Amino acid sequence: MKVRKIILTTLLLTLVFGCSGSDFKIPEVVVPSQPEKPDGNPDDNPGDTDDPDSSDDPDVKFVSSAAELKALGALSAGDIVVWRNGVYEGQIVSVSGAGTAERPVVLRAETPGGVRFTGTSRLSIAGSHVEVSGFWWQNPEPVKGKSVVAFAKGSAGCVLRDCAITGDATAEDAATDTKWVSLYGTHNTVRESTFRDKRNIGCLLVVWLEPDIVPEHLIADNRFERPVTLRDAGGKAVNGQETIRIGTSDFSMQTAACTVEANYFYHCHGEQAEIISNKSCGNFYRGNLFVESQGSLTLRHGNGCTVRGNSFLGNDLEGTGGVRLIGEDHVVEDNYFERLAGTGYRTAICMVRGQQSPALNGYWQVKNARVRCNTIVDCKYAFNVNYASNSDQTVPVAGSRIEDNIVSLSSPSSYAVWCAPTPAPDIEWNNNTLYGGRQSGVNLPVSASAPMLPDMPLAVEMIRENAGCSWKTE
């Protein structure tokens, strides 16, 4: 665990994004329970030894194939299984156990990154408190309807940590829809892992919702890259290339209560629209870093989500966006947006008009949104409010407040605020600092002097450094 780095990152984000005069609270640092080794050090990885063959622990077992793992039978609390280093093709691995928070079932590579799975290899994690670490799925061959890593239905408290899935040498494939990571169950975790260059259609990581189950998963400290965009014959980006999706339209009014924090998204272009697609209620997105990624963090369906303390750095790359709001009771606060060059839905902060009597997969009215204490620097559009792309989106933003934000624009052609005046939105604009740029549809007070801006490099570098697996995948 990189506990010290996580705490330092949180403190840095607090210093950078703390909103003077607001009700800003330090984001909770979620650190999963770690089993103690005999020396009492909880920061060491369970089952780690300098030389696994020298271990006298009867709970440590060694395998070199999925068949050998299956032959071990039921795994119990405290069991440690070490997979010997090597390259393995076509391994269909299932690990299931009944661990506890204090004594998990552990499946780990002999050395982190030393076990490489190729071809159609995939992993299923089932049971309770099963921890998997150190594996590398290299150029996975897509099998339609299958995930490279799947947390099974009914799984609880399981962890995928310090692993990698990379597809650098795979072919572009717009026909075979697969996911790299699928999460069912409750309280599962994907952390400190690297996911790079998924080149076939299908969301990279999906949280699947089930009736009457609140999953409360944690996705933290990972590195995501998805630079390839699959296009149709007309050159349009194909839908379904999100990096993360939480939920589906059918379950979008159900609470998921998942947390996505301290992840690094680099060149996550995918479908050119939704880097993260939120399709459920009550999720938290905090302390993430988005760099040169074409698209936005999109609250597409569902209500009551919080987007706090994230950084969006576009470096003037076309199509780079920030946060898009659809639905009710969302909070977007203490985020930093810089040099985002997107327009339309892909602007720094976009609040979307709704449809009359929308279907679950439609556009629901933005109601009771709180957009506060954000800093927007040199973006093409800072606020794009009451926006719509279709003629049937006729229901305006209502009952919302935009307050205590800072906008600083050096280009006179950029928009501090673009707001569609009809149908008239119901928005309170309070105590915002608007410096530079222009306005459309509103006439808000402007600042004559440039505002003080946060010092970002250290906080950004801490998130970047902390994200991804501990070993090199290049």
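Biologist: How many disulfides does the structure hold?

Modeller: This is a predicted model, and a disulfide needs two cysteine sulfur atoms within 2.5 Å. The sulfur of Cys163 is 8.4 Å from the closest cysteine sulfur, in Cys469, so that pair is too far apart for a bond. Cys281 is in no disulfide either, with the sulfur of Cys305 6.5 Å away. The number of disulfides in the structure is zero.

Biologist: Is Cys163 buried or exposed?

Modeller: A residue counts as buried under 20% relative accessible area. Cys163 has 2% relative accessibility, so Cys163 is buried.

Biologist: Which residue forms a salt bridge with Glu261?

Modeller: Glu261 lies in strand β21, and its partner lies in strand β24, so the pair ties together parts that are 25 residues apart in sequence. The closest N and O atoms of the two are 2.8 Å apart. Glu261 counts as buried at 10% relative accessibility. The partner is Arg286.

Biologist: Where does Arg324 lie, the residue that ties to Glu274?

Modeller: The side chains of Glu274 and Arg324 meet in a salt bridge of 3.6 Å, N to O. Arg324 is buried, with a relative accessible area of 4%. Glu274 lies in strand β23, so the pair ties together parts that are 50 residues apart in sequence; Arg324 lies in strand β29.

Biologist: How many salt bridges does the count come to?

Modeller: Side chains of opposite charge can pair when their charged atoms come close. One of the pairs is Arg199 with Asp197, at 3.0 Å from N to O. Arg191, Glu192 and Asp221 are linked in a network. The count of salt bridges comes to 14.

Technical notes
Residues numbered from 1 in each chain as written. Predicted model: local features only at pLDDT ≥ 70, side-chain atom pairs only at ≥ 80, totals over all residues. Heavy atoms only, no water. Buried < 20%, exposed > 50% of the residue type's maximum accessible area, 1.4 Å probe, protein only. Salt bridge = Lys/Arg side-chain N within 4 Å of Asp/Glu carboxyl O. Helix = DSSP H or I, 4+ residues; strand = E, 2+ residues; numbered from the N terminus.
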